Structure formats: C-alpha cells, structure tokens
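I opened the structure to look up a few local features. My notes follow in the order I took them.

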Amino acid sequence: MNLGGGRNMVSYCQVEGINTFFVVEVSAAAINSYETDMLYNNFVEGIIQPEFRAINGDMFIYCKINGMKSLDDISDRGIMSMEQAVALMRSLCSVVMETGEYMLEPDNLLIESDKIFYSDAEKSFRYVYVPGQGTDVRMGIKNLVEKIIKRVDHRDTELVDFMYEIYDMVVSANYDMERMQKYVDEASAREQEKCCSGNRKRNVESLDAAREQELLMDEVFGTDQSSAAALTIPTTEKNKYDRIFFILIGFTVAAFTGIAAVQFYIQGHAADVRLIMLALIVLSVELFVYVEMKRKLSAAEDERRGQEGVECSELRYAEEDENRRPKKQNVDALEHVSLADEIPGDTTVLGSEDDCTTLLTQHNLDGRASAQEQRLFVRLIEDGGIVATEFPVTPEGVVLGRDRRQADQVIEDISVSRRHIRIYEDAEKIYVEDLDSTNGTVINGIRLPAGRSWQLADRDVLCIGTRQYHIQILLI
C-alpha cells in the first residue's frame with residue numbers, strides 16, 4: 001500500500017497480550033505536531049484513536065481494534081443488506097465531515113474495505129487516520145462504492161438504487177459531500193422508520209399469539225377471569241399469592257419427606273408407597289397450578305403493555321404565545337394522598353388514568369412536607385430493564401445528544417444528532433421537543449415533526465435515532 005512520501009508503507013494486524021492492533025508504517029517526515037496533538041487529545045468521532053511508536057528509527061501508528069471486524073470480514077459472512085450499506089455510508093460521510101471540522105485532512109483517511117472496522121459494542125464503523133497519506137478521499141469513496149456494488153444482491157432494487165445514486169454523486173463534476181450526507185441521512189431515516197414499523201408489527205403479532213394461546217387454554221381448562229383480574233392485581237397481591245403457593249408446596253414436601261422417613265425408620269424400607277405417590281401427585285398438582293397462574297398473569301401484563309405501545313394518541317398542537325407548544329390538558333392535581341395510594345420511600349412514580357403526566361400536590365399525612373421540596377425526574381430505561389440515564393427536569397429543559405459540548409445528557413450513538421431532543425417541564429407537565437434532528441424522534445410509533453413538542457407520559461416508548469427507551473417519570 002502506498003501511503004505517500006514516495007515509499008511503500010506496510011500495514012498489518014498485531015496481537016500484544018489481550019490487545020489487538022492494526023499497525024501502519026508511516027513516514028516520520030509526513031507527521032506534523034498539529035495532527036498528532038489533535039489525534040492524541042481529541043476524540044474525533046469515527047476515527048480510532050492512534051498511538052505513535054518509533055521502532056528502530058521507523059515510525060508506526062498502532063490502532064487498537066479489540067473486538068472489531070473489518071468490512072471484508074463482515075462481507076465474507078454474507079451479502080450486505082440495505083441497513084448495513086446505509087450505516088456504512090452514513091458513518092463514512094460523518095467521519096469525512098468530522099475530520100474537516102477538526103481541521104484535519106480527509107485525504108489521510110484509509111478508505112479501503114480491509115481497513116474499515118466495525119465495533120459490535122458501539123454498533124458503528126471506525127476508520128484509521130494516517131498523517132501524510134495524501135490519498136484522494138473522493139477516489140477512495142468511489143473505489144469502495146464500486147466494491148460494494150459488486151457484492152450486493154442485485155435483486156434488492158432499493159439497495160442497488162441507493163448505491164448507484166451514491167456512485168453518481170461521487171463521480172459527478174458537482175461532487176458535494178454535504179449533499180451526499182443529506183441523501184444518506186434521508187435513507188437512514190427511512191430505514192429507521194421501517195425498523196420501528198417492524199417492531200410495532202411484531203408486537204401486534206406476539207399480542208395476537210398470546211391471545212390465541214389464552215383462548216386455547218380457556219377451552220382446555222375452562223373460562224375464568226384470571227386474565228382480566230391480573231390487569232388490576234397490585235404487586236403486593238401477586239407476592240401474597242406467591243407466598244401462599246410456596247407455603248403449600250413446602251408443607252407437601254415436608255409431608256413427603258416425613259412419610260418416607262417414618263417408613264424407613266420403622267420398617268427399614270418403603271412399606272407403603274401409596275402414601276408417597278399421593279404426596280408426589282399433590283406436589284405435581286400444586287406446581288402445575290402455580291405455573292399456570294404465573295403464565296396467565298404474565299400474559300395479561302404483556303397484553304396491557306402491548307396495548308399501551310400500539311394504541312397511540314394523536315399529537316395535540318396549539319399555538320401558545322411564541323413557543324408553539326401543545327395544549328395543556330386541565331388535570332386536577334391530587335390534593336389528598338391516602339394510605340393506600342402512598343408509596344414507601346421518598347420516590348413517587350407519576351401517572352394517571354388518562355395517561356397524562358400529573359405533578360402531584362404532595363401533602364404528607366402529618367402536613368410537614370410540600371411539593372416544593374421534591375423535584376421532577378425522567379428516567380430512560382433500555383430493553384431488558386437497564387437504566388440508561390436519569391436526570392431532573394426543569395423549565396429550561398435538558399438537551400440529549402451525542403456531542404458532549406452541546407448536550408446535557410450524552411448518548412454515544414452515531415444515529416443520534418449532536419443536539420437531538422430537549423425534555424422540559426411546563427405547567428407541571430413534561431414535554432419532549434425534537435431539535436431538528438437528522439434521524440428524527442419517534443414516540444409510541446408516531447414520528448415527531450422537527451421543532452414540535454410532545455407531552456410525555458409514564459411508560460411511553462421513545463425512539464432517538466436507533467436507540468429505544470421506556471419513559472419513567474419520578475417525583476423525588
């Protein structure tokens with residue numbers, strides 16, 4: 001590989017202990033202090049942070065690629081999909097623009113399929129920057145696109161049209177990277193919309209399957225109202241049922257053990273196995289009833305959550321002064337809190353029957369606490385119940401995005417814009433506003449127009465780029 005400077009430079013992978021490095025030999029004369037300082041001290045998004053080493057008078061760049069695969073490795077495993085191609089071109093446009101913003105040379109990027117790496121952990125493509133390389137970035141993109149076109153499934157007309165459009169932009173005399181990035185971002189937004197639609201369709205299909213299974217079980221075991229009751233059974237009631245079943249099962253096991261022990265102690269062997277078999281039958285029946293009850297409770301809970309995700313209310317917009325915020329529903333604050341409604345501890349999860357966010361007017365039973373002593377928090381929960389972040393909400397709002405310099409809460413994902421959304425509190429309600437993001441914001445399957453606001457409710461599903469979160473609203 002020729003990397004400029006009139007020398008044939010070498011690149012290879014090297015393993016050092018638990019680390020794997022992509023190593024590139026580079027001319028020491030081609031390296032300037034500004035580039036090394038920028039690469040050392042700044043995280044340029046999309047570029048693998050290099051380490052410069054001088055060995056026997058030669059200069060080498062070491063890029064750590066632990067857990068990464070090259071684009072060639074990914075392509076060898078199968079035909080590239082539309083989603084993969086869009087992600088690759090979007091990351092490529094982004095890294096070229098990022099290098100320009102940091103006053104680095106895009107021509108120093110290695111745009112070759114065996115030198116572009118994909119990180120499974122970060123779900124993004126990463127690139128190697130070699131000072132002094134001096135290769136035409138436009139020609140590198142052209143060669144890469146030609147190679148991808150040869151590998152894609154040409155029966156996928158959408159993918160083929162997308163790649164040929166990119167190719168036409170690269171070879172055009174009016175080559176414009178910003179125009180290419182805009183086109184790729186639009187394609188990425190369409191893929192994201194299809195992904196969200198597919199998720200909603202799978203949720204509906206799984207809900208229908210659960211309902212069919214419930215009907216079948218009712219036909220076999222008889223119709224009952226356990227599913228409907230499960231929708232309103234409090235957590236404490238479920239725990240009570242668990243304790244009852246565990247006590248019954250414990251008594252049965254103890255009886256079985258006692259019968260067996262007495263017979264062996266008196267007779268020296270199992271004199272009457274009928275009693276032991278009876279205990280085993282009772283234990284089996286108890287376990288079956290317990291498992292069946294848990295299954296119905298779980299199916300009913302999944303049905304309730306699925307209905308909340310599928311049934312989405314329409315956006316409510318209204319012109320309010322100069323802010324163009326949605327109309328605020330008149331929801332009476334809860335002035336009195338009963339012992340049954342009180343949640344132990346200092347955290348209260350907000351929510352109401354009409355799915356509107358309600359800031360409770362707190363009056364403790366002894367009259368010593370007030371709402372002004374508590375703050376409104378929003379918690380973002382990923383799939384699997386993992387809490388991604390939690391932050392207080394103010395009237396000024398909290399900005400979420402991927403740029404640490406512009407966002408209050410950072411989401412490190414290339415599909416998230418630098419300033420993606422703002423979550424703010426107004427008149428005791430919480431709103432989310434899309435800040436003209438590239439990939440948009442989706443709430444409960446509905447895409448939020450740029451610059452507009454949506455009133456958040458507890459358990460809403462919020463999609464930011466490719467990230468999906470479940471909303472939990474707290475009063476702490």
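In which strand is the place of Thr389? I found Thr389 in strand β10, which runs over residues 387-392. I note here that the model is predicted.

Entry on Thr389. I looked up its burial: Thr389 has 18% relative accessibility, and because buried means under 20%, Thr389 counts as buried. I then listed what Thr389 touches, leaving out residues up to four places away in sequence: Val378, Arg379, Leu380 and Gln409. With Gln409 there is also a polar contact, side chain to side chain, at 2.8 Å.

I read the strand order of an open sheet of 5 strands as β12-β11-β13-β14-β17, with mixed pairing. Which residue of β14 stands opposite Ile423? I found Val432 there.

Entry on helix α1. I turned to α1, residues 33-41, and asked which of its residues are buried. They are Glu35, Thr36, Met38 and Leu39. Seen down the axis of α1, these buried residues fall within an arc of 165 degrees, so they line one face of the helix. On the other side of α1 I noted Ser33 and Asn41 as exposed. Against what do the buried residues of α1 pack? I found that they pack against β3, residues 50-55.

Key. Residues numbered from 1 in each chain as written. Predicted model: local features only at pLDDT ≥ 70, side-chain atom pairs only at ≥ 80, totals over all residues. Heavy atoms only, no water. Buried < 20%, exposed > 50% of the residue type's maximum accessible area, 1.4 Å probe, protein only. Helix = DSSP H or I, 4+ residues; strand = E, 2+ residues; numbered from the N terminus. Arc of directions from axis to C-beta. Contact = heavy atoms within 4.5 Å. Polar contact = N/O pair within 3.5 Å; in protein donor to acceptor, adjacent residues only side chain to side chain. Pairing = 2+ DSSP bridges.
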